[in-house]
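Hi,

Here is the structure for your review. My notes follow below it.

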Amino acid sequence: GYTLVPDRDAEAELWKGSPDDLGAEIHLTEAEDLHLRAEWQEMSSEEQVVQILAGRAMRTLNDRSRLLITIESDSVYGAALALPQIARTAGWSLEYTTLACHSMMFLLTNLMLQ
């Protein structure tokens, strides 16, 4: 069934760690890792909380999407449907908003070519 999404996450608000503690299984090059750490240090604590909560939302959505909804993962249609919702959930962070805009651009290109 439907459950409300909490506005706050007490654990994330108190979290003062580094990107290593997020639990993500990402394999980065050393340069990418240094760049990520520098960006993380430049973020305000509020921006860090937003990023953490966005990651948790993505993980939750990925887990639930396998159970509830099937979105085409290899087409522009699925990306155009999912990415704007993910960007909104992430507080319109630049990275997700850019991905959402790209997916819409690809969808429009696809529609024009058909």
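The lining of the largest cavity has seven nonpolar residues, one polar and none charged. Here Ala, Val, Leu, Ile, Met, Phe, Trp, Tyr, Cys and Pro count as nonpolar, Asp, Glu, Lys and Arg as charged, and the others, Gly among them, as polar. This is a predicted model: local features need pLDDT of at least 70, side-chain atom pairs count only at pLDDT 80 or more, and totals for chains, interfaces and linings use all residues. Numbering runs from 1 along each chain as its sequence is written, and side-chain values use heavy atoms, with hydrogens and water left out.

The cavity: A54, A57, M58, L61, I86, T89, A90 and Y96 line it. A cavity is a set of points on a 1 Å grid over the protein atoms alone where a 1.4 Å probe fits but cannot get out; lining residues have an atom within 4 Å of a point. The largest one holds about 30 Å³ of space. Volume is the space filled by probe spheres set on the points, which are joined across faces, edges and corners. The count is one cavity of 30 Å³ or more.

α3 (45–67) gives the largest share of the lining, four residues. Helices are DSSP runs (H or I, at least four residues), numbered from the N terminus.

Best wishes

Methods: On a 1 Å grid over the protein atoms alone, a cavity is a set of points where a 1.4 Å probe fits but cannot get out, and a pocket is an open set with protein on both sides within 12 Å along at least five of seven lines; lining residues have an atom within 4 Å of a point. Helices (H or I, at least four residues) and strands (E, at least two) are DSSP runs, numbered from the N terminus.
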